[in-house]
Amino acid sequence: MSHVRKSLPLLVLVVLIVLPYSTLPVPGVFESPLNSPGTLQMLALCLVFGGLALGYDLLFGRAGLLSFGHALYIAAGAYGTDILVSHAHWPLWAAVAVTVPAVAVLAALLGAVALRTTGIAFAMVTLAFAQVGWIVVNRDPGGLTGGEEGLPLDSAGLPASLVGVADTANLYWVALAFLLVVVVVVHGIDRAPLGRVLTGLRDDERRVSVLGLSAYRLKLGTFVLAGALAALGGAVHALIVGGASPHLASADLTLSLIVMAVLGGAGTRWGAVVGGVVYAYLDQRLTQIGGALPGPLSQPLFILGTLFVLAVYFAPGGLTGVLKRRGRLA
Amino acid sequence: MSTVILLTLTGLGLAALYFLIASGLSLVFGLAGVLNFAHGLFLSVGAYATWWAEPHWGLAVAVPVGIAAGAATGALVEVVLIRPLYKRPTEQVLVTVGLSLAGVALLQSVWGADPRTFPRPAWASEVTTIGSAQVPDDRFLLIGTAVVVLLALLTFLHRTRYGLIIRAGVENRDMVSALGIDVRRAFTLVFTIGGALAGTAGVLGGMYFGSVSPGQGASLLIFAFIVVVIGGLGSVTGSAVAAVVVGLLQQFVNYYGAAGAGDVSVVALLALVLLLRPSGLARTAVTA
């Protein structure tokens with residue numbers, strides 16, 4: 001049993017890697033065969049949101065920092081990369097290599113202010129900072145962000161292997177690689193002493209301070225790391241959907257990250273990943289079939305929001321918590 | 001000069017909206033400790049109830065209907081959803097987050113995502129000349145309502161037994177419980193009051209913007225949150241002062257600065273206040 005549990009993630013990874021070679025149709029779950037561009041793009045978005053949700057869970061589930069402004073760093077990553085590629089005509093790799101550290105610096109500056117507060121005030125301050133990002137993106141300063149329309153990614157600056165519809169498989173692998181990076185980083189932290197200190201911060205900050213550790217510096221470091229992971233995810237998101245849109249900067253995006261983490265099981269190894277993948281899948285799939293459903297069921301957010309409220313009451317450990325309990329009973 | 005008068009009155013009108021939302025949020029947070037993301041939903045419900053009732057019964061009936069709808073939503077949410085989760089603050093926040101997502105989607109599925117034209121009394125569309133400025137009358141409606149609400153709230157908090165329980169509960173909830181008073185009844189009360197105020201803000205916001213849409217509450221809510229934090233959590237007077245500062249700052253900087261600069265300056269003010277006085281303008285959270 002423990003062998004199976006240990007090798008299960010590896011097995012899933014192998015299946016995910018070879019998945020674009022499969023022409024298997026999965027009726028009801030996807031509209032077209034697995035290797036069709038439509039299905040691959042949908043899966044790629046699921047993987048990206050799995051990674052984004054786990055990155056957010058580094059703050060929320062592990063360090064206990066309820067940030068309402070994570071969308072800011074995702075949007076900064078997406079728009080930063082997009083602007084450098086589409087306006088400044090930089091090559092993609094250079095744009096990403098500059099954007100991610102720049103967003104990390106932004107996270108350090110804003111985090112340094114926000115982390116002087118705790119609890120609810122911290123949530124409000126991060127929300128307010130992110131709101132500025134949303135306003136700036138929508139106002140389209142100097143024609144940089146494209147306003148409400150968003151900024152399409154100029155394909156001239158992209159490597160040829162990431163441009164065509166037939167190359168969707170490559171985008172899928174990029175998304176998978178991003179998820180893998182986040183998993184390696186976050187699980188690495190979980191295993192290191194740092195992970196235990198972060199959990200300690202979440203549970204009782206004073207006890208960590210008594211040990212002579214600076215809670216402020218630890219939290220700021222985590223905030224910056226999560227910001228950098230979010231920026232990378234934003235860049236990958238822009239690559240997959242072919243541009244950056246203001247929705248990425250909205251408070252709704254942060255709220256959905258929280259929903260993902262909680263739905264999957266915040267603070268657990270795989271909870272946020274599972275939550276992110278399931279949420280992104282349902283969001284896209286319900287939008288596809290939404291027209292066929294009656295009344296409020298045609299709104300994906302109505303179903304997802306209701307599911308989320310029910311999960312908070314009846315499944316406090318999220319999806320992974322439910323699976324674990326069932327495993328223990330069996 | 002006329003521009004300054006117009007900007008001041010428009011800023012105060014906006015401040016009135018912020019105050020109506022923020023005072024309810026602030027009381028709910030101060031007493032029950034709930035950060036209520038569903039507050040924007042109360043606002044939208046109130047606005048849609050008025051919009052729906054107006055063709056049937058006329059505006060004079062539709063406005064109380066909207067306020068009552070907001071109050072009823074607030075009470076219902078507290079009793080059904082929040083009450084089982086006291087002592088679990090994170091879960092409470094999460095439930096209100098889920099509720100705000102699902103509620104807005106529900107409104108959208110019933111009345112569509114597009115803004116609907118909102119009814120307003122005929123006189124509110126006219127203008128009054130003050131000095132050299134032509135000021136639309138809806139500003140006075142907003143400001144007047146907010147002043148009346150502020151005075152009524154302060155009277156209620158300082159002159160009635162329930163007001164006393166709420167004020168004491170904000171300062172020390174455990175002590176009030178220890179004295180044998182059922183604080184939870186007061187929780188339902190502040191949610192109802194907050195819902196009624198949010199419904200009022202929804203109706204007035206609909207008249208002010210001339211339309212109502214499902215997401216309207218959420219966009220006002222963020223500025224109301226800022227007002228609550230600047231004013232000090234749990235303080236009604238603090239909310240009023242902060243709302244005026246935020247409303248005026250936003251209007252003037254938006255007019256004289258670059259587009260969107262007003263909204264940014266409000267956030268800068270928030271950061272400044274939190275750095276200098278982390279507990280907000282009122283410093284200690286009391287409902288004075």
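**Notes on the two chains and their contacts**

1. Let me start where the chains meet: across the interface of chain A and chain B, the rule finds one salt bridge. A salt bridge here is a side-chain nitrogen of Lys or Arg within 4 Å of a carboxyl oxygen of Asp or Glu. The partners are Arg139(A) and Asp263(B), whose closest N and O atoms are 3.7 Å apart.

2. Before going further, a word on conventions. This is a predicted model, in which local features need pLDDT of at least 70 and side-chain atom pairs count only at pLDDT 80 or more, while totals for chains, interfaces and linings use all residues. Residues are numbered from 1 along each chain as its sequence is written, chains are lettered from A and ligands numbered from 1 in the order in which they are written, and side-chain values use heavy atoms, with hydrogens and water left out.

3. How many residues of each chain are in contact with the other chain? Chain A brings 33 residues and chain B brings 39, where contact means heavy atoms within 4.5 Å. The size of an interface is often given as the accessible area lost when the parts come together. Between chain A and chain B the buried area is about 3100 Å², and carbon and sulfur atoms give 85% of it. Buried area is the accessible area (1.4 Å probe) that two parts lose on being put together, summed over both.

4. Polar contacts between the chains come next. With both residues at pLDDT 80 or more, one residue pair is in polar contact between chain A and chain B. The term stands for a pair of N or O atoms within 3.5 Å; within protein, one must be able to donate a hydrogen and the other to accept it, and residues adjacent in sequence count only if both atoms are side-chain atoms. On the side of chain A that touches chain B, α5 (119-139), α10 (251-264) and α12 (300-314) of chain A each supply at least two residues. The largest share, ten residues, comes from α5(A). By class, this side of chain A divides into 24 nonpolar, six polar and three charged residues. For the helix names, helices (H or I, at least four residues) and strands (E, at least two) are DSSP runs, numbered from the N terminus. For the classes, Ala, Val, Leu, Ile, Met, Phe, Trp, Tyr, Cys and Pro count as nonpolar, Asp, Glu, Lys and Arg as charged, and the others, Gly among them, as polar.

5. Chain A itself is divided into domain 1 (55-249) and domain 2 (251-330), with bounds that come from an automatic or database domain assignment. The C-alpha centres of the two domains of chain A lie 22 Å apart. Their contact takes 20 residues from domain 1 of chain A and 16 residues from domain 2 of chain A.

6. What do these two domains bury between them? The area is about 1400 Å², with 71% of it on carbon and sulfur atoms. The count of salt bridges between domain 1 and domain 2 of chain A is zero, whereas four residue pairs are in polar contact there (both at pLDDT 80 or more). On the domain 1 side, α2 (37-62), α3 (70-86) and α6 (168-191) of chain A give two or more residues. α2(A) gives the most, with five residues.

7. Is Thr254(A) buried or exposed? Thr254(A) counts as buried because its relative accessibility is 0%; buried means under 20% relative accessible area, exposed over 50%, and partly exposed in between (1.4 Å probe, protein chains only). A polar atom of the Thr254(A) side chain lies 3.1 Å from the backbone nitrogen of Ala71(A).

8. Over all chains the rule gives eight salt bridges. Asp57(A), Arg62(A) and Asp190(A) are linked in a network of them. Asp57(A) and Arg62(A) meet at 2.8 Å, N to O, and the closest N and O atoms of Asp190(A) and Arg62(A) are 2.9 Å apart. Asp190(A) in helix α6 and Arg62(A) in helix α2 of chain A are 128 residues apart, so this pair links distant parts of the chain. Asp57(A) is buried at 0% relative accessibility, and Arg62(A) is buried at 4%. Asp190(A) is partly exposed at 25%.
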